[in-house]
Amino acid sequence: MAKVIFKDIKKSYDDVEVVKYFDFTVEDGEFVVFLGPSGCGKSTTLRMLAGLETITSGEIYIDDRLINNVDPKNRDLAMVFQSYALYPHMTVYENIAFALKLKGMPKAEIDVEVLKTSKILELEPLLNRKPKELSGGQRQRVAMGRAMVRTPKVFLFDEPLSNLDAKLRGVMREEMKELHRTLKTTTIYVTHDQIEAMTLADRIVILNEGYVAQVGTPTEVFQKPANKFVAQFIGNPAMNMIDTKLIEEAGQWFVELETLRIPLPERFTHQAKKDLSVCMGIRPTDIHVRAEHIDHDRVFECPVTIKEKELLGASILLKTKVGKADFVVEIAATEVVSEDSKLFIDLDAIHLFDSATEQSLAL
Ligand code: ADP
Ligand code: MG
């Protein structure tokens with residue numbers, strides 16, 4: 001087990017900077033997820049740690065050891081990729097044993113290690129099969145087994161579940177979580193899938209265009225997004241965003257919504273400025289069709305036009321309009337809505353972002 005320190009890391013390909021500033025410490029035993037849209041620099045950052053890419057500037061340490069110039073095979077890391085890259089002509093046993101054999105470990109010891117690992121991953125009945133005789137999920141487990149036998153200091157995963165179907169991804173997520181609970185090995189996991197990040201991570205590092213947009217626990221990044229990017233990236237369906245401005249009247253601050261004025265919760269007022277252009281965010285689940293669903297009195301009632309209803313199973317998505325502004329609202333499927341329904345916005349759940357800087361006004 002180990003801690004990983006990225007110090008002021010930058011990466012360019014020719015004159016294109018793809019990692020602009022990455023400064024972050026993964027604590028010993030932690031499960032950290034790098035999350036962000038395709039092309040934001042997740043794999044590049046991971047590959048610099050693994051030694052598969054050069055570091056343009058900055059330093060990476062594993063515990064106290066500077067590893068910038070350490071040969072990849074001596075970094076004590078094990079990486080699992082999206083494509084499992086198993087050796088097709090070898091059995092499951094041979095695939096898992098390969099790295100140990102290469103190290104020159106005696107056969108009897110290899111046997112012990114392979115059996116121990118295959119037991120954890122429930123691969124024992126499959127040890128004599130070739131990769132082509134396995135399902136996607138089983139291949140994935142063999143790839144993990146190959147990484148695990150090396151008892152690395154840190155596990156690196158780059159989108160390891162992307163090739164699996166949705167149901168299997170769910171199963172494998174639980175297995176990964178369980179594995180981490182058992183082994184407690186420091187883990188860095190790269191994905192563009194917010195559900196994987198939310199379910200697996202102790203902490204999430206959200207990346208956007210080569211920068212860190214926010215670091216936090218799954219709850220923190222969901223409840224307190226530091227900026228507009230994070231607010232819209234985390235959560236499904238996405239947070240409603242309305243461009244508007246701040247108004248002050250007799251000491252009370254408001255957000256203007258069409259002809260309506262929504263009173264501003266106190267947590268924003270220390271950063272409020274007259275006529276400041278802001279973006280108001282509200283999650284579909286924080287707008288209700290009945291005021292009783294909000295357990296306090298900081299509620300704003302507004303008339304609404306319901307354009308569409310979409311049944312998702314346990315819930316319904318309402319596509320609504322408040323004046324010209326679009327609001328998506330998610331309510332329980334058991335809820336009854338009518339033509340003249342009203343919406344009740346939970347004022348405690350409002351987010352405000354400065355339109356110019358895109359930073360939250362609640363920070
Ligand atoms: P992610 O894993 O977040 O999808 P990557 O780290 O793979 O993103 O890539 C980040 C950016 O760097 C992308 O714009 C990609 O096109 C670019 N890139 C990656 N590898 C190379 C390379 N070998 N040469 C030039 N550009 C690259
Ligand atoms: Mg990638």
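**Exercise 1.** Determine in which strand Thr 186 is found, and whether Thr 186 is buried or exposed.

*Solution.* Step 1: Thr 186 is found in strand β8, residues 186–191; helices (H or I, at least four residues) and strands (E, at least two) are DSSP runs, numbered from the N terminus. The model is predicted: local features need pLDDT of at least 70, side-chain atom pairs count only at pLDDT 80 or more, and totals for chains, interfaces and linings use all residues. Residues are numbered from 1 along each chain as its sequence is written, chains are lettered from A and ligands numbered from 1 in the order in which they are written, and side-chain values use heavy atoms, with hydrogens and water left out.

Step 1: Thr 186 has a relative accessible area of 0% and is therefore buried. Buried means under 20% relative accessible area, exposed over 50%, and partly exposed in between (1.4 Å probe, protein chains only).

Step 2: Thr 186 touches, among others, Met 1, Val 26, Asp 28 and Phe 155, not counting residues up to four places away in sequence; a contact means heavy atoms within 4.5 Å.

Step 3: The side chain of Thr 186 reaches the backbone oxygen of Ala 2 at 2.6 Å, and a polar atom of that side chain lies 2.9 Å from the backbone nitrogen of Gly 29.

**Exercise 2.** Which backbone atoms lie at 2.7 Å, 3.0 Å and 2.9 Å from an oxygen atom of ligand 1?

*Solution.* Step 1: The residues around ligand 1 include Tyr 13, Val 18, Pro 37 and Thr 44; to be counted, a residue must have a heavy atom within 4 Å.

Step 1: A backbone N or O atom of Gly 39 lies at 2.7 Å from an oxygen atom of ligand 1, one of Gly 41 at 3.0 Å, and one of Lys 42 at 2.9 Å. Taken alone, ligand 1 exposes 560 Å², of which the protein buries 56%; these areas come from the Shrake-Rupley method with a 1.4 Å probe.

Step 2: Helix α1 (residues 42–50) supplies the largest share of the shell around ligand 1, namely 3 residues.

**Exercise 3.** Identify which residues of helix α2 are buried and what covers them.

*Solution.* Step 1: In α2 (residues 92–102), the buried residues are Val 92, Tyr 93, Asn 95, Ile 96, Ala 97 and Leu 100.

Step 1: An α-helix has 3.6 residues a turn, so residues three or four places apart point the same way.

Step 2: The cover over the buried residues of α2 includes α3 (107–120) and α4 (136–148). Gly 104, which follows α2, has a positive phi near 85°.

**Exercise 4.** Describe the peptide bond from Asn 236 to Pro 237.

*Solution.* Step 1: This bond is cis, with omega near 0°.

Step 1: Pro 237 is found in the loop between α8 (228–233) and β11 (240–249).

Note on methods: A polar contact is a pair of N or O atoms within 3.5 Å; within protein, one must be able to donate a hydrogen and the other to accept it, and residues adjacent in sequence count only if both atoms are side-chain atoms.
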